[in-house]
2 protein chains.
Amino acid sequence: MGPGPSDVPARVLEALSRPTIGHLDPIFLRVLDESQAMLRQVFGTENALTLPMSATGSAGMETCFANLLEAGDQALICRHGVFGGRMAEVARRCGAEVTIVDAPWGQAIDPDELAKAAKKRPFKVVAIVHAETSTGVLQDLGPFRAIADSCGALLLVDAVTSLAGVPVDVDRMGIDAVYSATQKCISCPPGLSPVSFSERALRVLLTRKTPVQSWYFDLNLIGQYFGGERVYHHTAPVNMIFALHEALRLVLEEGLEARYTRHRAQANSLRQGLESLGLELPVAESSRLPPLTLVRIPEGVDDRAVRTKLLEDHGLEIGGGLGDFKGKAWRIGLMGASATSRHVELCLGALEEALR
Amino acid sequence: MGPGPSDVPARVLEALSRPTIGHLDPIFLRVLDESQAMLRQVFGTENALTLPMSATGSAGMETCFANLLEAGDQALICRHGVFGGRMAEVARRCGAEVTIVDAPWGQAIDPDELAKAAKKRPFKVVAIVHAETSTGVLQDLGPFRAIADSCGALLLVDAVTSLAGVPVDVDRMGIDAVYSATQKCISCPPGLSPVSFSERALRVLLTRKTPVQSWYFDLNLIGQYFGGERVYHHTAPVNMIFALHEALRLVLEEGLEARYTRHRAQANSLRQGLESLGLELPVAESSRLPPLTLVRIPEGVDDRAVRTKLLEDHGLEIGGGLGDFKGKAWRIGLMGASATSRHVELCLGALEEALR
């Protein structure tokens, strides 16, 4: 119950351990095609270029920036936690000039502030974290397409902790590039990063003046393996794809709406319980992210001692704070298969005992 | 029995499907430490910076080049197959100026040619593929340290298809940076890339003038998670590490020498059988790579029809040719758990039938 990985269902672990077969085996290619189709459903997109990158979530971030940015490009990046800061760092390493709009950690980005910054010059990319895993803040994406349009930019979104737990709605929100991870609300082990590019993002990619600086993350090349031509790029992580395929089947068997409702309901129940224990939730109610709850560590309580006790006495992991919240807050995840009343009860009971 | 992935033993698949736990869980961190220690044994090195990158083998290649090269650096790269060509491409994308020494596909690089090229200017990196997966050529690494020294370069080696099947001997050979993959002679599913950096390579990394262009592959950052400080970089692919740990245990239980002997013996037996079938082996005997055998497709035989027949009638995959050998040769792998007499017999029997 930390900020991920979440619990992985037995069916997914079984799929993970199927005999390894070749990355060009027709059986594997069918699994790959079906996984892409299911990813499109979960992302809410018809983007052809929708696929799992063969590395963890942060590689998805690098994939989006490295494919869209060239040296000297302008990027406008929202930073209200670790992952917005990481976006800025990755964009700079791609040679881009980065303009940052900040919000205090634990708060959402103010769209008016962003709109103001977007007026200053044209940008190639506007980037925002949908669900800040470092703070438990959910950003309303509503105004962002219009802001990106106002400065001629592509809209790039981090959906690592939102995908399959909170609606992402890529097409409806007008998102051009989005990445996620498997070990959060999809409840598959860590190791893959689903990404999706709109037609508009694809055009930017196809009309670059310079090659993508990363060969491994170059979607021009990777797209030729996924696109049906099956041109060899790298050996796909076959077993991880088996697991993702089964995890996505579970997501769709439950249904996206039912899954979002479950995440909201369990998060509400956890929060009520935490407040009953006298604990404080630093994030305003309107910005709270169902899959991840930030809890202030009460004065005088030893962060590490409590977390060690939870792990040793209850086999329960919760996350420590990052950045501004290091040593000051815990992060409790209710993601995918871990968003159940059993988890909520375990966590509340264990915390009550540890804080006694 | 293609060029990888090889068969994965049941014990490894079982380890792969253990319940997913957190990447900071003490149990996981012990598995990680032990995996690093075992990787050092298999690489034949005492390098502290020895770890599995969280992506497939080609990511290991990019990790080595991106961490060592900066814009304008000189790289001397040997190319005698797909993967030497890929090295050149990756190095160029890091901004390096690349000098290439070629050998015909199916032959080893001539060390004298390389020594001649090394005389022309100082280089930062000399790079060579130890086991060319596209041609089945094993390169004798003996003379390379001296050549790298002659031009002041680090020695960078691709050991993707050699590690755990053929001696690599990183320290004895004076290799500064080396990468491999899990799905070849280690017989773990694809998804991780073991790398190792010498003290000398580490000093080059630490004294760079510019940041590593890839954030995801930046060993300065990754080293802080593996090095004991456990600073969060990305979520480690927990289950894949469980599998690697078990696969490395199997390698060391067998013993490296015994494993190398088994690979040689089974390769010899396969080759005798292929020649008995009247098939031709394009690689000279002295350069043949035990884990991968190149076989010329006889005149008039339909490449794809034979491979489809093997797969459908015998559940047997062999690899097609790449580059100069596309449509002209097959690649038969005997890697790790797939290097057994059962595999050799299956392959020879199936080929005999398919070619009849």
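User: Where is Ser187(B) found?
Analyst: Ser187(B) sits in the loop between strand 8 (177-179) and strand 9 (193-197) of chain B. Helices (H or I, at least four residues) and strands (E, at least two) are DSSP runs, numbered from the N terminus.

User: What is phi of Ser187(B) near?
Analyst: Phi is near 55° there, a positive value in a residue other than glycine.

User: What kind of model is this, and how does the numbering go?
Analyst: This is a predicted model, in which local features need pLDDT of at least 70 and side-chain atom pairs count only at pLDDT 80 or more, while totals for chains, interfaces and linings use all residues. Residues are numbered from 1 along each chain as its sequence is written, and chains are lettered from A and ligands numbered from 1 in the order in which they are written.

User: OK, the seven strands in chain A. What order do they take in the sheet?
Analyst: The order is 1-9-8-7-4-2-3, in an open sheet with mixed pairing. Two strands pair if DSSP finds at least two bridges between them.

User: Which strands stand at the edges?
Analyst: Strand 1 (49-53) and strand 3 (97-102) of chain A do; each has a single partner strand, so one side of each is left without a neighbour in the sheet. From one strand to the next, the twist averages 15°.

User: And strand 2 with strand 4 of chain A: parallel or antiparallel?
Analyst: Parallel, with three bridges joining strand 2 (residues 74-79) to strand 4 (residues 125-129) of chain A. For Ala75(A), the bridge partner in strand 4 of chain A is Val125(A).

User: Which strands does helix 4 of chain A touch?
Analyst: Helix 4 (residues 82-93) of chain A packs on the sheet and touches strand 2, strand 3, strand 4 and strand 7 (154-158) of chain A. Its direction makes about 165° with that of strand 2 of chain A. Axes are lines fitted to C-alpha atoms, for helices over the stretch in contact, and angles run from 0 to 180 degrees between N-to-C directions.

User: What about helix 2 of chain A, which strands does it lie across?
Analyst: Helix 2 (residues 26-43) of chain A lies across strand 1, strand 8 (177-179) and strand 9 (193-197) of chain A. It runs at about 110° to strand 1 of chain A.

User: Now helix against helix. At what angle do helix 3 and helix 4 of chain A cross?
Analyst: Roughly 45°, and the axes of helix 3 (residues 57-68) and helix 4 of chain A come within 9 Å. That makes helix 3 of chain A oblique to helix 4 of chain A. Angles under 35 degrees count as roughly parallel, over 145 as roughly antiparallel, 65 to 115 as roughly perpendicular and the rest as oblique.

User: Which residues make that contact?
Analyst: Helix 3 of chain A uses Met61(A), Glu62(A) and Phe65(A), and helix 4 of chain A uses Arg86(A), Met87(A), Val90(A) and Ala91(A). Two residues are in contact if their C-beta atoms, placed from the backbone, lie within 7 Å. By class, the contact of helix 3 with helix 4 of chain A has five nonpolar, no polar and two charged residues. Ala, Val, Leu, Ile, Met, Phe, Trp, Tyr, Cys and Pro count as nonpolar, Asp, Glu, Lys and Arg as charged, and the others, Gly among them, as polar.

User: How do helix 11 and helix 13 of chain A cross, at what angle?
Analyst: At roughly 15°, with the axes of helix 11 (residues 256-276) and helix 13 (residues 341-355) of chain A coming within 10 Å. That makes helix 11 of chain A roughly parallel to helix 13 of chain A. The contact involves Gln266(A), Ser269(A), Leu270(A) and Gly273(A) of helix 11 and Ser341(A), Val344(A), Cys347(A) and Leu348(A) of helix 13 of chain A. The classes there are four nonpolar, four polar and no charged residues.

User: How many residues of chain B are in contact with chain A?
Analyst: 39 residues of chain B are in contact with 39 residues of chain A. Helix 3 of chain B gives the most to that side of chain B, with four residues. The side divides into 17 nonpolar, 16 polar and six charged residues.

User: Last one. Is the peptide bond from Gly4(A) to Pro5(A) cis or trans?
Analyst: Cis, with omega near 5°. Pro5(A) lies in the segment before helix 1 (10-16) of chain A.
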